[in-house]
Amino acid sequence: MPITGDRKIVEELIFEQSVSGRAGIPLPSSDVPRTEPETSIPSALRRRAPADWPEVSEPQVIRHYTRLSQLNYCIDTHFYPLGSCTMKHNPKVNDRMAMLPDFSALHPLRPHELSQGVLEILYEVERWLRELCGMDAFTLQPSAGAQGELTGILVARAYHESRGEKRTKVLIPDSAHGTNPASAATAGLEAVTVRSRPDGQVDLDDLRAKLGSDTALFMMTIPGTLGVFEPQVREIVDLVHRAGALMYMDGANLNALIGLLRPGDLGVDVLHVNVHKTFSTPHGGGGPGAGPVGVKKALEPFLPVPRVVKEGHVYRRNLDYPSSIGKVHGFQGNVGILIRTYCYMRLQGAEGFREMSENAILAANYLRAKLAPLFPKMPKGPFMHEVVVSGEGAFANGVRTLDAAKRLLDYGFYAPTVYFPSIVHEAMMIEPTENESRETLDDFAAAMAAIVEESLTTPEKVKTAPHTTPVRRLDEVKAAREPILRYRRD
Ligand SMILES: *Cc1c(COP(=O)(O)O)cnc(C)c1O
């Protein structure tokens, strides 16, 4: 490790730390004669020399990986206000439960007589989701929100087709998450944009003009992408139903609704829920998640198979749904995530969920009140789970939202979501969740105030941030287009 006097971690690659002949464990030399192993690998593809593994001691390995794990911001070390992503506390007990060998070593092909426990958990997660969301049936198979959207749209498409209707268009507000139009296109339908008004609400005139006998679905995010509840939602549902279309709700972020409102009662026909956001399972970096899809009775026959059913006291997998769209995932989905979901549901209980939602709303509006004097261009609240502010009119001297987000890292906060939703210029989307203390929210607001002040007094310092992280500003385009995934010794 290079010596520096400022305790900043400068971590070399493990290959760079290698010293020829060094080993973690001294093994005695082998007394078994060396023979060529029998292998079907063609000789041209076989190694000619031993692999160039790093040669390091055991403490070096431990320190290297421990230090690497400390270079990152994570929910266990920092406030992580990533809007739209609900990075909340994940009780460690959920992980412990999912790691019990009876779950983690369970083979998905084990017969149902020997898998009653896990089938019961899946059945119960579905029952809880039905009850909390006011829907008639759920599939737990999709492994992410985006895959839930695709599943929901395919189910809706199959429903319309079964009625002999040709409906090819999915109407989506321009404030939507990018996965919405992508899922519509992947399902073979056409995404049509519906305008939002400047306050983030759906432009009803534009919706009326675009609804027609070819509309399959209207896809709406609730609470809306600005973190605001759409007050026209009943009217929207009526318009959609009168056109013979189905109402799809993007329920990725239910943190502010669960226990307070059931989407099914609003008239929603299909929705997906990101359990890895609302129901507290770790996520990020493309890791495993689950995006269960809930539907009303008329759409149930089209859900993916197999489904877990209960007959008397016995749980089993049922494949007998002739109108099903088929499988969207191997076996029952990401069961490890769903076990965490189950634990979280049992920990919270119905009362706990209501409190969770109320506290998430309180935290978001507390931050809104603290930030309002700094950010003149703030969408009108009250907010639900998150606050959206605009850097415009707040930061001076050409400091942009991106600069402020980078500077927040120096203050010890993970950066919020930036430049989304695209209907707000220089957007910064902040989601505190229900788990943060008032002191943390105060510290975050103070850091934002300090950065606004710095944009007036020392703008260069903000524009060149971060200054304290192991790597500075990355060329994100180059990192995505020309990733270096392999170490090469020069
Ligand atoms: C996160 C999110 C999605 C996509 O969920 P993934 O699990 O990342 O695929 C869709 N819509 C909204 C509103 C989201 O916040």
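Biologist: In which loop is F331 placed?

Modeller: The structure is a predicted model in which local features need pLDDT of at least 70, side-chain atom pairs count only at pLDDT 80 or more, and totals for chains, interfaces and linings use all residues. Residues are numbered from 1 along each chain as its sequence is written, and side-chain values use heavy atoms, with hydrogens and water left out. Helices (H or I, at least four residues) and strands (E, at least two) are DSSP runs, numbered from the N terminus. On that basis, F331 belongs to the loop between β9 (314-318) and α11 (335-371).

Biologist: What is the phi of F331 near, and is F331 buried or partly exposed?

Modeller: F331 is a residue other than glycine with a positive phi, near 55 degrees. Buried means under 20% relative accessible area, exposed over 50%, and partly exposed in between (1.4 Å probe, protein chains only). Because its relative accessibility is 39%, F331 counts as partly exposed.

Biologist: Is S84 buried or exposed?

Modeller: S84 sits in the loop between α1 (58-71) and α2 (92-98). Its phi is positive, near 75 degrees, in a residue other than glycine. Since the relative accessibility of S84 is 9%, this residue counts as buried.

Biologist: What is omega for the cis peptide bond that joins F420 and P421?

Modeller: P421 lies in the loop between β11 (417-418) and β12 (427-430). For the cis bond joining F420 to P421, omega is about 0 degrees.

Biologist: Which residue is joined to P466 by a cis peptide bond?

Modeller: P466 is located in the loop between α14 (459-463) and α15 (476-481). With omega about 5 degrees, the cis peptide bond joins P466 to A465.
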